Amino acid sequence: MNDFPLLTLLWVVPLVGALAVAFGPRGALAKQTAVVVSLLTLVVGVVVATQFDRGTDGFQLTETHEWIGAFGVHYALGLDGLGLLLVLLTVALVPVVLVAAWNDAPDDTARQFYAWALALEALSLVVFLATDVFLFYVVFEATLIPAYFLIGGFGRAGRSAAALKFLMFQLGGGLVLLGSVIGLYVVSAQAGSPSYLLTDLQQVDMSTSAERWLFAGFFIAFAIKAPLFPVHTWLADTTERATPATSVLLVCVLDKIGTFGMLRFCLGLFPGASEWATPLVIALALISIVYGAFIAIGQDDLLRLIGLTSLSHFGFITLGIFVFTAQGASGSILYMVNHGVATAALFLIAGFVIKRRGTSRISQMGGLEKVTPVSAGLFLVAGLATAGLPGLSQFVSEILVLISAFDYRWYVGAIAVTGIVLAAIYVLWAYQRIFTGPNPSVLQADVVAADGSSDPEMRQRVADLGRREIGVLVPLVAALVLFGFYPMPLLDVSNPFSESLLQQTGVTDDGPRVPVEAQEAGR
Amino acid sequence: MEFTKPTIEYATLWPLLVVFGVAVVGVLFEAFLPRERRFVAQSVLAVLGLLVALGGTAYVWTQLDEIRVDGQGVVARGELAAGQTLAVDGPTIFLWGLVLLFSIAGVLLFAERRLEGGVSTFAGQAAALPGSEAEREASTRGLHHTEVYPLLMFAVGGMMLFPTANDLLTMFVALEVLSLPLYLMCGLARRRRLLSQEAALKYFLLGAFSSGFFLYGAALVFGYAGSMQFADISEAVRNGTGNNALLLIGMGLLAVGLLFKVGAVPFQAWTPDVYQGAPTAVTAFMAACTKIAAFGALLRLFYVAFGAERWDWQPMLWVIAILTMLAGAILAAVQTDVKRMLAYSSVAHTGFLLVGVLGVRSAGAVGTDEITALQSVLFYLATYAPATVGTFAIVTLVRDAGGEATAFSKWAGLGQRSPLVAGAFGFLLLSMAGIPLTGGFVGKWSVFTVAMAAGAWPVVLVAIVASIISVFFYVRVILLMFFSDDDTSEVTDAETGWGAGTVTATLERVETAAVTKPSLLTSGTIAVCVLLVVLLGLVPGPILDLAGDAGQFIR
């Protein structure tokens with residue numbers, strides 16, 4: 001089993017599946033194929049996880065083959081703690097999304113959605129596995145193509161403009177990154193023979209100014225991806241126009257590449273420059289946390305609101321990365337996973353609710369609690385997880401990040417804490433407006449007007465979640481609760497990674513270490 | 001002046017001679033074969049001739065002498081031929097291969113007859129005035145030009161000769177041999193003949209002007225160096241003897257002639273009109289092959305003849321590269337016609353290629369494993385050509401009642417009606433935009449890298465900005481093809497006003513074009529081009545190594 005290219009298999013399965021779905025049978029069979037493929041990928045992901053040795057740091061299950069000799073480029077894959085968690089998040093979320101999107105599009109176009117979604121999964125997996133900067137860059141950019149077609153092809157009116165905006169932002173960031181990737185080649189060529197392997201690049205001595213320029217290119221690209229203030233403006237438009245399923249793939253999987261990249265490349269390759277840029281980055285992160293939460297409160301469009309809450313969360317993640325403690329980094333990694341699960345749940349429930357109400361305007365909803373108690377309850381759980389309620393998974397990661405932030409500078413922590421307060425406001429206020437209050441007569445009138453005499457349709461509109469929908473949400477909510485009470489499996493994987501990363505950056509971790517056990521007891 | 005008869009190295013030059021020979025035979029066919037048999041005879045002859053020449057090129061490559069330098073291995077390969085007027089070396093042969101390969105694609109597109117319902121895309125009788133009785137008669141008799149094949153062969157011969165030329169005079173002759181047939185072919189469109197003839201006239205007048213510049217420059221440089229040979233000029237430049245003003249002015253004038261051919265700003269004005277007016281098959285051939293040939297000549301002139309004078313021409317090329325990229329990208333972004341958009345995008349690509357040209361460093365400064373400027377430009381040309389030929393070939397397919405429909409408004413929703421063709425077009429555009437996993441990306445990467453390594457980082461920064469702009473107009477076309485039919489029955493948000501714009505746009509949509517089914521000639525060409533772009537994106541190694549093995553120019 002040692003020589004088997006397990007990591008290659010991991011991304012080949014969904015890619016082949018995407019092709020099969022795109023050019024294979026039409027109709028429901030295509031959708032079923034896609035779901036089966038995504039489950040297969042999940043199985044491969046679980047097998048990969050069992051092969052992963054948590055005790056050791058560095059890359060495991062590595063595969064290295066020369067790809068473009070003239071550029072020093074290798075097809076090199078490897079897995080470390082960070083990669084493993086994000087891979088698992090990806091392979092777990094995709095089947096959920098595919099099932100959730102079952103009725104989103106008519107059968108003839110649904111096939112395209114499923115094919116692009118699987119393609120996106122395959123490319124994202126390579127991003128998390130790549131240990132060659134060039135390979136990373138290639139797939140980093142290539143993920144935009146499926147994402148572009150997912151946004152532009154499915155969703156609400158105005159989606160093509162949103163898709164264009166999304167693509168221009170991302171490709172702009174990508175091309176800035178290209179400048180830095182090219183710079184890395186030049187630097188490594190000057191140091192000897194050019195190579196893009198991460199392990200080779202870490203040995204390269206570069207001048208301080210070169211390091212800072214290269215860092216800037218990487219950071220800008222990742223800040224757009226994540227996104228951070230002030231390059232976040234694509235996020236709200238995209239989540240508003242795209243289908244909730246697409247938004248899950250974008251925000252919960254694809255955007256993680258931004259913060260993933262900060263850890264792996266910014267800190268991994270340019271530790272000195274990362275430290276140099278820390279004040280600015282932390283300032284941006286804090287602005288994102290507070291500003292994101294504030295504008296989320298003001299939104300009337302439910303999907304836009306959820307999109308903007310992510311701005312706040314990505315601020316937290318970035319903050320945890322750049323305080324330069326193992327604890328903060330671990331918290332951020334955990335945060336990525338938990339945010340992925342919680343936001344996915346929130347987006348999907350929101351999608352189900354919007355489908356029933358025929359509008360995404362919060363001001364036009366209200367009183368749904370009485371009619372659809374299950375969706376109300378699940379929305380509340382997912383929402384409170386987002387807001388960092390103890391006992392739900394995001395709390396653990398948030399507290400780790402916050403402790404590190406207080407350690408770094410007390411006022412940084414203090415500002416960040418306001419994000420949690422604001423989060424409670426946007427979640428609870430949205431919940432109040434959507435689900436509580438009198439059952440508005442609009443609801444009835446709407447149904448009759450839209451539907452005339454047809455009964456089943458009308459019932460479906462006001463009915464609570466169906467079995468498929470609940471089935472989709474249960475694993476997500478279960479994960480939220482499970483990792484809220486028992487985050488050890490995640491921390492076991494992320495801690496060794498964070499510690500070795502910080503050792504390697506040469507930054508001494510002088511903050512008081514709060515053992516994880518103590519936090520759990522204290523909660 | 002004493003005249004010595006040069007020896008001709010037939011063993012290395014025969015692919016070139018085959019092309020010219022076939023061109024002459026084509027002229028004879030035109031004179032002696034009956035009209036109805038000419039089409040088949042001419043097209044088959046042209047393809048066969050090009051295939052033989054391509055095979056010959058591959059054979060000559062294996063026979064080239066290797067020039068070794070101690071410690072560096074093979075640095076160049078090839079020999080001087082025909083009394084040192086021609087330099088058959090690695091880069092030359094590489095360019096020959098490219099020109100021949102895409103000329104074959106050109107011939108196949110020329111021979112397409114299904115799109116116009118049984119006749120080719122060329123005018124029935126070029127001499128008949130547009131709108132005249134004679135034109136109607138030629139049209140009803142189903143005539144079409146077959147002279148285009150010998151014309152194409154002459155142009156191909158000139159294109160092969162152009163980068164091979166090792167002195168200024170031969171280079172000038174090659175420039176004329178490749179240009180004159182192109183001027184003619186541009187004016188031969190069957191439809192929109194006035195536009196086509198106007199394009200030909202513009203191209204001819206401006207081209208004649210630029211040839212004049214080139215010739216004047218050649219005279220001045222001769223005055224400086226006392227020789228037309230690149231090796232002698234290089235020697236004179238190195239020694240610094242002679243009047244420097246002559247050299248600088250001469251160099252500038254020569255550059256004008258060459259930059260005109262590649263369509264660099266400020267000599268790009270002809271590009272959109274000619275690309276739009278010429279029959280699209282001619283545009284495809286011309287856009288790809290002229291650029292290959294002219295960049296070969298440009299590289300040889302600047303690297304070999306003026307290599308020692310780098311500090312004088314590099315600033316000039318910096319400015320031109322920056323202007324070309326920005327102007328090309330910005331002007332392309334405001335076009336509403338596919339052919340004009342592609343024309344301006346080709347201007348932008350000229351700029352990117354010039355970035356690669358700027359990446360030259362002295363031989364000692366380049367590490368053994370590093371990619372060289374010449375290698376990067378050669379590779380970029382190899383990725384640019386299939387994307388260009390493929391896109392223009394697809395443009396020939398998209399038609400409405402009036403022939404090719406090139407207005408953007410008619411391309412709306414093409415992705416829904418013909419997903420395969422629109423998908424191929426979108427893919428080729430993505431390659432031109434330099435999105436990873438396509439050949440265009442690797443090409444862009446390589447030219448940017450060599451420029452960065454040579455310290456031309458401001459140019460690279462501008463190139464990145466220009467790339468972002470160019471992404472915009474390529475992606476906009478994809479958007480138009482695939483997503484223009486926003487389903488307005490879904491939830492619309494009147495308040496945001498976003499939905500509203502889309503609604504009106506959908507209502508105002510005019511009659512759209514559809515894809516006409518072509519014969520195997522065009523569809524095969526497109527398929528091969530797409531395949532090449534995919535392969536160059538996924539496994540660029542072999543072609544990159546080939547371009548690297550070509551080594552340096554010899555003198």
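## Exercises on a predicted two-chain model

The contact between the chains takes 37 residues from chain A and 36 residues from chain B, where two residues are in contact if their C-beta atoms, placed from the backbone, lie within 7 Å. This is a predicted model, in which local features need pLDDT of at least 70 and side-chain atom pairs count only at pLDDT 80 or more, while totals for chains, interfaces and linings use all residues. Residues are numbered from 1 along each chain as its sequence is written, and chains are lettered from A and ligands numbered from 1 in the order in which they are written.

**Exercise 1.** Find which element gives the largest share of the side of chain A that touches chain B.

*Solution.* Begin with the elements that give two or more residues to this side, which are helix 5 (133-142), helix 6 (144-153) and helix 7 (159-190) of chain A; helices (H or I, at least four residues) and strands (E, at least two) are DSSP runs, numbered from the N terminus.

**Exercise 2.** Describe the open sheet of chain B and state which strands stand at its edges.

*Solution.* First, write down the order of the three strands, 5-4-6, with antiparallel pairing, where two strands pair if DSSP finds at least two bridges between them. Second, take one pair: strand 4 (residues 398-400) and strand 5 of chain B are joined in the antiparallel sense over two bridges, and B:Arg399 has B:Glu404 in strand 5 as its bridge partner. Third, turn to the edges: strand 5 (403-404) and strand 6 (514-515) of chain B each have a single partner strand, so one side of each is left without a neighbour in the sheet.

**Exercise 3.** Decide why the radius of gyration of chain B agrees with that of a compact globule.

*Solution.* Start from the rule, which is 2.2 Å times the number of residues to the power 0.38, the radius being taken over C-alpha atoms. For 555 residues a compact globule would have a radius near 24 Å, and because chain B has 24 Å, the two agree. Finally, consider the contacts in chain B between residues at least 6 apart in sequence, of which 77% join residues at least 24 apart.
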